[in-house]
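Here are a few exercises to work through with the structure open beside you. Try each task before you read its solution.

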Amino acid sequence: MIASPNDLVYFVELTNTLNFSRASERIGISQPSLSTAIKRLEHAIGTELFIRSKNGARLTQAGKRLLSHVKQLFQLWDSVKSECLASHYEIQGSFSFGCHPSVVLYSMSGFFPTLFAKYPKLEIQLKHDLSRKIVEGIINLSIDIGIIVNPVKHPDLIIQKLYDDKITFWHACNMNNAQQKLRAGEAVIVCNPDLIQTQWLLKRIHKSGIKYPRVITSSSLEVIANLTAEGVGIGILPTCVALSAYPNKLKSIPKMPTYEDEIFLVYRHENRHIKAIQAIIHAIKQHFKSHSI
């Protein structure tokens, strides 16, 4: 059994007066209520805390030991409250940020240096996964904030649009082999098959009669971009990744299906007043406002 905070407060007040009547008046409760609280605390501890007499009360050895620990407990609680308030009102602490690894490479490096230089007590833990997994993390409180592709609305989340992107088929600018000629029947597709966008695009070219005998799969968009730029095959890539990774080596294939993406900043409603979260949000928005993707 754990003692209630009020019982501990009443106990400390009684140790100050060593008089049930005077202590109850100072606390603002009846004397029977104070006596009941002390008995409840003694039951929780397992021994008497006061020796009662007609002239008042005095602490037992167990009571003296409890008083010492309770004072330490109250000091610790004050410290905990101060730290919690600091995390809410000051720009400091550790926060988890969810995003696809590609987002870090083509955008986040643009605002992290300034953010960290301005707020030396701020820490960021990056968590990488598919967008739907990151959203789940924000909902279940394991992630504080994230950059998400095509998020689904949720009552607990604030969802703010950052920019538009599109995923389509890319080849090397100096295309000179059959692997990168999509309509030649020998093309090699390089893609991440786990992405919904990739699945949709492959279905579209299947329906149009385009055939490709081989597929190279990778979970890394950067690897896909590199293999495509080196002429290994035709890559399925977001425009922001292709143009930021290899702006002079990659070119989108004209008249091919395109999947339109929307990228959003996502966080929980209750985090919107935390100063550190506000600072991170401001830095992200300013970056994307001044750097069109």
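Keep in mind that this is a predicted model.

**Exercise 1. Find where Leu141 sits, then decide whether Leu141 is buried or exposed.**

Start with the place: Leu141 belongs to the loop that links helix 7 (131-139) to strand 5. Next, look at the backbone. Phi of Leu141 is near 75°, a positive value in a residue other than glycine. Last comes accessibility. Exposed means over 50% relative accessible area. Leu141 has 57%, so Leu141 counts as exposed.

**Exercise 2. Check the length of helix 11 (residues 275-290) against what its 16 residues should span.**

**Exercise 3. Work out which residues of helix 11 are buried, and what covers them.**

Go along the helix and pick out the buried ones: Ala276, Ile277, Ala279, Ile280, Ile281, Ala283, Ile284, His287 and Phe288. Then look at what lies over them. The cover includes strand 3 (93-99), helix 6 (112-118), strand 4 (122-128), strand 5 (145-149), strand 6 (157-172) and strand 11 (259-268).

**Exercise 4. Explore the largest nonpolar core: which members touch the most other members?**

A bit of background first: in soluble globular proteins, nonpolar side chains tend to be buried together. Here the largest core has 43 residues, and Phe97, Ile147, Leu237, Ile280 and Ile284 touch the most other members. Helix 11 gives the most to this core, with 8 residues. Now zoom in on Phe97. Leaving out residues up to four places away in sequence, its contacts include Met108, Ile124, Leu126, Ile145, Ile147, Ile280 and Ile284. There's also a second, separate core of 18 residues, with Phe11, Phe20, Leu66 and Leu67 among them.

**Exercise 5. Describe how helix 1 (residues 5-17) and helix 2 (residues 20-27) cross.**

Their axes come within 9 Å and cross at roughly 130°. Helix 1 and helix 2 are therefore oblique to each other. Their crossing is right-handed. To see the contact, find Tyr10, Glu13, Leu14 and Thr17 on helix 1, then Phe20, Arg22, Ala23, Arg26 and Ile27 on helix 2.

Methods. Residues are numbered from 1 along each chain as its sequence is written. This is a predicted model: local features need pLDDT of at least 70, side-chain atom pairs count only at pLDDT 80 or more; totals for chains, interfaces and linings use all residues. Side-chain values use heavy atoms; hydrogens and water are left out. Helices (H or I, at least four residues) and strands (E, at least two) are DSSP runs, numbered from the N terminus. The expected span of a helix is 1.5 Å times one less than its number of residues. Buried means under 20% relative accessible area, exposed over 50%, partly exposed in between (1.4 Å probe, protein chains only). Contact means heavy atoms within 4.5 Å. A nonpolar core is a set of buried Ala, Val, Leu, Ile, Met, Phe, Trp, Tyr and Cys residues joined through side-chain atoms within 4.5 Å. Axes are lines fitted to C-alpha atoms, for helices over the stretch in contact, and angles run from 0 to 180 degrees between N-to-C directions. Angles under 35 degrees count as roughly parallel, over 145 as roughly antiparallel, 65 to 115 as roughly perpendicular and the rest as oblique. A crossing is left-handed if the near helix is turned anticlockwise from the far one by less than a right angle, and right-handed if clockwise.
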